[in-house]
Amino acid sequence: MKNPRLPASQPNSALDGPSPDLFVALRDLLLTYKADLLVVHDDAGHFYANCRNADAKGKAQFFGAVKASGRRHSFHFMPVYTFPELLVGISPALKKHMQGKSCFNFDAWDPALLRELQMLIEQGASRYRTAGKL
């Protein structure tokens with residue numbers, strides 16, 4: 001599913017910090033699945049969403065989040081924690097942005113990485129849907 005709001009390129013210098021549009025682009029990648037999500041936070045610099053379907057105990061299931069913090073934008077995506085095999089085919093460039101098991105940190109605009117992240121989100125959302133989480 002292609003995100004029409006993702007521009008082909010966005011100039012950004014790592015010395016200038018992340019573009020405000022980087023947060024919006026990361027947030028919009030998750031909002032593609034808004035119909036399946038319960039948005040908990042959606043304000044400047046912080047987006048957090050759970051799956052609409054609760055787990056067997058009735059507890060909300062985390063789906064993804066974006067947090068702007070200083071020069072860095074953290075992108076958390078739970079399907080890669082639940083299904084780590086989704087990470088097997090990611091590029092070394094995207095892998096370099098990983099911190100922990102389900103977090104990616106970005107400090108500069110990179111259209112190729114955002115497109116790869118978009119494909120990873122599509123795969124993760126599909127796996128969650130198949131598992132009944134979405």
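Contact here means heavy atoms within 4.5 Å, and helix and strand names follow DSSP runs (H or I of at least four residues for helices, E of at least two for strands), numbered from the N terminus. What you are looking at is a predicted model, in which local features need pLDDT of at least 70 and side-chain atom pairs count only at pLDDT 80 or more, while totals for chains, interfaces and linings use all residues. Residues are numbered from 1 along each chain as its sequence is written, and side-chain values use heavy atoms, with hydrogens and water left out.

Let's start with the sheet. Six strands form an open sheet in the order β1-β2-β3-β4-β6-β5, with antiparallel pairing; two strands pair if DSSP finds at least two bridges between them. β1 and β5 (98-99) stand at the edges with a single partner strand each, so one side of each lacks a neighbour in the sheet. β5 joins β6 in the antiparallel sense over two bridges, and M98 has F104 of β6 as its bridge partner.

Helix α4 lies across β2, β3, β4 and β6, and runs at about 25° to β4. Axes are lines fitted to C-alpha atoms, for helices over the stretch in contact, and angles run from 0 to 180 degrees between N-to-C directions.

Now for the interior. Nonpolar side chains tend to be buried together in soluble globular proteins. Leaving aside residues up to four places away in sequence, F104 touches residues including F75, L87, M98, L117 and L120.

Finally, the charged pairs. The whole structure holds four salt bridges, each a side-chain nitrogen of Lys or Arg within 4 Å of a carboxyl oxygen of Asp or Glu. R27, D28 and D42 are linked in a network of them. R27 meets D42 at 2.7 Å, N to O, and this pair links D42 in strand β1 (residues 37-43) with R27 in helix α1 (residues 20-31), 15 residues apart. R27 counts as buried at 19% relative accessibility, whereas D42 is partly exposed at 40%; buried means under 20% relative accessible area, exposed over 50%, and partly exposed in between (1.4 Å probe, protein chains only). D36 and R129 form another salt bridge (2.5 Å, N to O). D36 sits in the loop between α1 and β1 and R129 in helix α4 (residues 111-130), so this pair ties together parts 93 residues apart in sequence.
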